[in-house]
Structures are given as structure tokens and as C-alpha cells.
Amino acid sequence: MDSKCWSCQEETENSFCVKCGKIQPLSPAEDYFAALGLERKLNLNLPQVEKKFHALSRKFHPDFFQGKSKEEQAISLENASILNKAYRTLKDPVSRIEYLLQVEQGSKEAILCQVPFDLLEEVMELHTRLEEVHSLKEGGNSQELKKVKDYLQPELARLEASYQALKNQIQRLSDEWDGLKKEGEGREAKKLKILTDFRQILSQRTYLINVIEDIRKVL
Ligand SMILES: [Zn+2]
């Protein structure tokens, strides 16, 4: 990163200018991992991340800049807000992966567009059954209702098992991502494979969570 102090134009890479001591904005080129002083990895030591977050937040805390110029106050507010967003995003393991996909490959929307046909079909079938439950409830048909529920119960157990399997896959992929060598033959291809698998798994995960919730509601 090469940047100049906004106030005195001195070259500075620190959060505070080496010459005039004024607070510097976090670089917009920096991602959330970098903003918190982390490598772009998925297995994070959360207590350590929290410590870093608190230390940086103290450094930029707007309270310290109340007597300073408007510019410095604005920068401290902006820095504090970036840090908050960074911490909130990276704290959660799933939003951490979504964010990684976003910084590595752009747009978050693409994450939700690749669901395997089998799963789509299965979910559609389950929704039909769920609608049945609702109309049977309204009609007061308890015998038929029991039948549908007996069908849904093992389906729910199966979906929960699939969800667990996805979680394991996510962990395995995270380990693979963290184990990627900095350079070397085949690195880009491996990287692309991991990111593509992540997209696929995350969209399946969203589908599963929704349908599991819907079934739990009626059982
Ligand atoms: Zn300066």
C-alpha cells in the first residue's frame, strides 16, 4: 500500500501519519480481513479476532477525536464503522465465506443461483406435502393429517442429516482453502474449484435451512 497523508502529504503506511500524527482513513482497497489485520483465511481464532477488533476500535474511537478537526472526526467515525462491519461479517462462519466469495469473485447474488435439480425437485415435493398439511388441518381431517406427518418425520431427519453433511463439507473446504500454497502450479485451478464448491454448498444450505424450518413448523 502506498498512500500519502491527507493532511501533510507525507508518505505514510500507518493508521496515524508518521509526520503530523493525524488519523488516516482505512484504505478502501483493503478488505475486511486486512482491516482487522488478518490473513484471508477461514479458520479463525475468534477470541484473538475479537481482541484485535477491540484494540483497533479503541485506537480509532470517535471519543478520542472530539477536540480535533472535522476531517479527523469524520475519519475516525468512518474507520470505526468499517471495523464494526468487518468484525460482524467475519465473526459468523457463513457470512465469512460469503464475504470471501464476494472479495475473491464479486457479487453476492451469484451465490444463490446454483441449486442442483434433484434438490429443487425434492423441495418442491415437500412443499406440496406441507400445503396438504395446511389444508388437512383446516378441514379437520386428523387421520389423513397423521399420514402426511408420518411421511414428513423421516424426511425431516434425512434433511437434517444432509444439512450436517453440508456443514462437514464446509469445514473440509475451509481447511483446503486455508491450506492453499501462496503460489505454485495448479494453485489458481484449486482455488477456483474451492470457491465454486462453496457457492454450490451455500446455496444448497439456504434451501435446506428453509425447508427444514417449514417442516418443523408443521410437525
Ligand atoms: Zn501527515
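## E11 and its salt bridge

E11 is partly exposed, because its relative accessible area is 45%. The terms work like this: buried is under 20% relative accessible area, exposed is over 50%, and partly exposed lies in between (1.4 Å probe, protein chains only). E11 also forms a salt bridge with K4, and their closest N and O atoms are 3.5 Å apart. A salt bridge here is a side-chain nitrogen of Lys or Arg within 4 Å of a carboxyl oxygen of Asp or Glu.

This is a predicted model, in which local features need pLDDT of at least 70, side-chain atom pairs count only at pLDDT 80 or more, and totals for chains, interfaces and linings use all residues. Residues are numbered from 1 along each chain as its sequence is written, and side-chain values use heavy atoms, with hydrogens and water left out.

## The zinc site

Which atoms hold the zinc ion as protein donors? They are the SG atoms of C5, C8, C17 and C20, lying 2.3 Å from the ion. Donors are N, O and S atoms within 2.8 Å of the metal (3.2 Å for Na, K and Ca); water is not among the atoms, so sites may look incomplete. Along the chain, the zinc donors follow the spacing C-x2-C-x8-C-x2-C.

Why is the arrangement tetrahedral? The four donor atoms subtend angles of 105 to 119° around the zinc ion. Four donors count as tetrahedral if all angles lie between 85 and 135 degrees; four count as square planar and six as octahedral if opposite donors are over 155 degrees apart and all others between 65 and 115; anything else is irregular. C17 counts as buried, at 5% relative accessibility. C20 is partly exposed, at 33%.

## Aromatic rings

The whole structure holds five aromatic pairs. One is F16 with F65: it is stacked, with 6.4 Å centre to centre and 5° between the planes. This pair links distant parts of the chain, 49 residues apart. F16 is in the segment before α1 (32-35), and F65 is in the loop between α2 and α3 (70-91). Rings of Phe, Tyr and Trp (its six-membered ring) pair if their centres lie within 6.5 Å; planes under 30 degrees apart count as stacked, over 60 as edge-to-face and the rest as tilted.

Is F65 buried or exposed? F65 is buried, at 5% relative accessibility. F16 is partly exposed, at 26%. F16, F60 and F65 form one aromatic cluster.

Another ring meets a charge. The charged end of R129 sits over the ring of Y151, 4.0 Å from the ring centre. The rule asks for NZ of Lys or CZ of Arg within 6 Å of the ring centre and within 35 degrees of the ring normal.

## Salt bridges in helices

How many salt bridges does the rule give? The count is 15. One of them joins K147 to E144, with the closest N and O atoms 3.1 Å apart. These two residues are three apart in helix α6 (residues 142-179), so about one helical turn separates them. Helices (H or I, at least four residues) and strands (E, at least two) are DSSP runs, numbered from the N terminus. K147 is exposed, at 54%, while E144 is partly exposed, at 33%.

D214 forms a salt bridge with K217, with the closest N and O atoms 3.6 Å apart. D214 and K217 are three residues apart in helix α7 (residues 187-218), so about one helical turn lies between them. Salt bridges that share partners also join D31, R40, E104 and K191 into one network.
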